[in-house]
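This briefing goes through a single protein chain by topic. Please have the sequence and the coordinates open while reading.

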Amino acid sequence: QVQLEESGGGLVQAGGSLRLSCAASGRTVSIYNIGWFRRAPGKDREFVARITWSAGLTDYGDSVKGRVTISRDHAENTVYLEMNSLKLEDTAIYYCAARMRQRGTYEYWGQGTQVTVSS
């Protein structure tokens, strides 16, 4: 079992920055990667970024590429999502999720943290 807890969301003006955190606990040694996803009102869930737990390999969604950086801190068992140049359309609930196997699904999810970008 892995438990995930997001934090760092809030209200920010367009053009601003936020750093989200995803704190993992439990069987963290078995995590393959951690992904960030978001769901905006009335829209489907969207992939934002992911990072492999061991090697730190990263991948980003097209809508955030160049504005977002994902990183992880093994000592803190935490994955960070640094978001810059925020746009109104970045408003969503952001979730982190853990995948335990390379070809598996995201089995564990956090409760989410709200990000609201205002004009």
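Predicted model: local features only at pLDDT ≥ 70, side-chain atom pairs only at ≥ 80, totals over all residues.

Residues are numbered from 1 along each chain as its sequence is written, and side-chain values use heavy atoms, with hydrogens and water left out.

**Open sheet**

- Four strands form an open sheet in the order S1-S3-S8-S7, with antiparallel pairing; strands are DSSP runs of E with at least two residues, numbered from the N terminus, and two of them pair if DSSP finds at least two bridges between them.
- S1 and S7 are the edge strands, each of them pairing on one side only.
- From one strand to the next the twist averages 15°, where axes are lines fitted to C-alpha atoms and angles run from 0 to 180 degrees between N-to-C directions.
- S7 and S8 are joined by 6 bridges in the antiparallel sense, and Thr69 stands opposite Glu82 in S8.
- Ser71 lies in strand S7 and is partly exposed, because its relative accessibility is 31%; buried means under 20% relative accessible area, exposed over 50%, and partly exposed in between (1.4 Å probe, protein chains only).
- Beyond its neighbours within four places in sequence, Ser71 is in contact (heavy atoms within 4.5 Å) with Ile51, Thr78, Val79 and Tyr80.
- The C-alpha atoms of Ser71 and Gln102 are 18 Å apart, and the two residues are separated by 31 residues along the chain.

**Strand S11 and its partners**

- Strand S2, residues 10-13, pairs with S11 in the parallel sense over 4 bridges.
- S9 and S11 run antiparallel and are joined by 3 bridges; Ile93 has Gln114 in S11 as its bridge partner.
- In a regular strand the side chains alternate between the two faces of the sheet.
- The covered face of S11 holds Thr113, Val115 and Val117, and its uncovered face holds Gln114, Thr116 and Ser118.

**Nonpolar core and disulfide**

- The largest nonpolar core has 31 residues, and those with the most contacts inside it are Leu4, Ile34, Trp36, Leu81, Met83 and Tyr94. Such a core is a set of buried Ala, Val, Leu, Ile, Met, Phe, Trp, Tyr and Cys residues joined through side-chain atoms within 4.5 Å.
- Two or more residues of this core come from each of strands S1 (2-7), S3 (18-26), S4 (33-39), S5 (46-52), S7 (68-73), S8 (78-83), S9 (92-99) and S11 (113-118).
- There is 1 disulfide, defined as a pair of cysteine sulfur atoms within 2.5 Å; Cys22 is joined to Cys96 with an S to S distance of 2.1 Å.
- The disulfide is right-handed, because the torsion about the S-S bond of Cys22 and Cys96 is about 75°.
- The pair links distant parts of the chain, with Cys22 in strand S3 and Cys96 in strand S9, 74 residues apart. Cys22 and Cys96 are both buried.

**Buried polar residues**

- Asn33 is in strand S4 and counts as buried because its relative accessibility is 3%.
- The side chains of Asn33 and Tyr106 are joined by a polar contact of 3.0 Å. A polar contact is a pair of N or O atoms within 3.5 Å; within protein, one must be able to donate a hydrogen and the other to accept it, and residues adjacent in sequence count only if both atoms are side-chain atoms.
- Not counting residues up to four places away in sequence, Asn33 touches several residues, among them Arg50, Trp53, Ala97, Arg99 and Tyr106.
- Arg67 is in the loop between strand S6 (58-60) and S7, and its relative accessibility of 12% is why Arg67 counts as buried.
- The side chain of Arg67 makes a polar contact of 2.8 Å with the side chain of Asp90, and a polar atom of the Arg67 side chain lies 3.0 Å from the backbone oxygen of Ser63.
- Leaving aside neighbours within four places in sequence, the contacts of Arg67 are Glu82, Met83, Asn84, Ser85, Leu86, Lys87 and Asp90.

- Asn77, which is not a glycine, has a positive phi of about 50°. Asn77 is placed in the loop between S7 and S8 and is partly exposed at 23% relative accessibility.
- Ser85, not a glycine either, has a positive phi of about 50°. Ser85 lies in the loop between S8 and S9 and is partly exposed at 43% relative accessibility.
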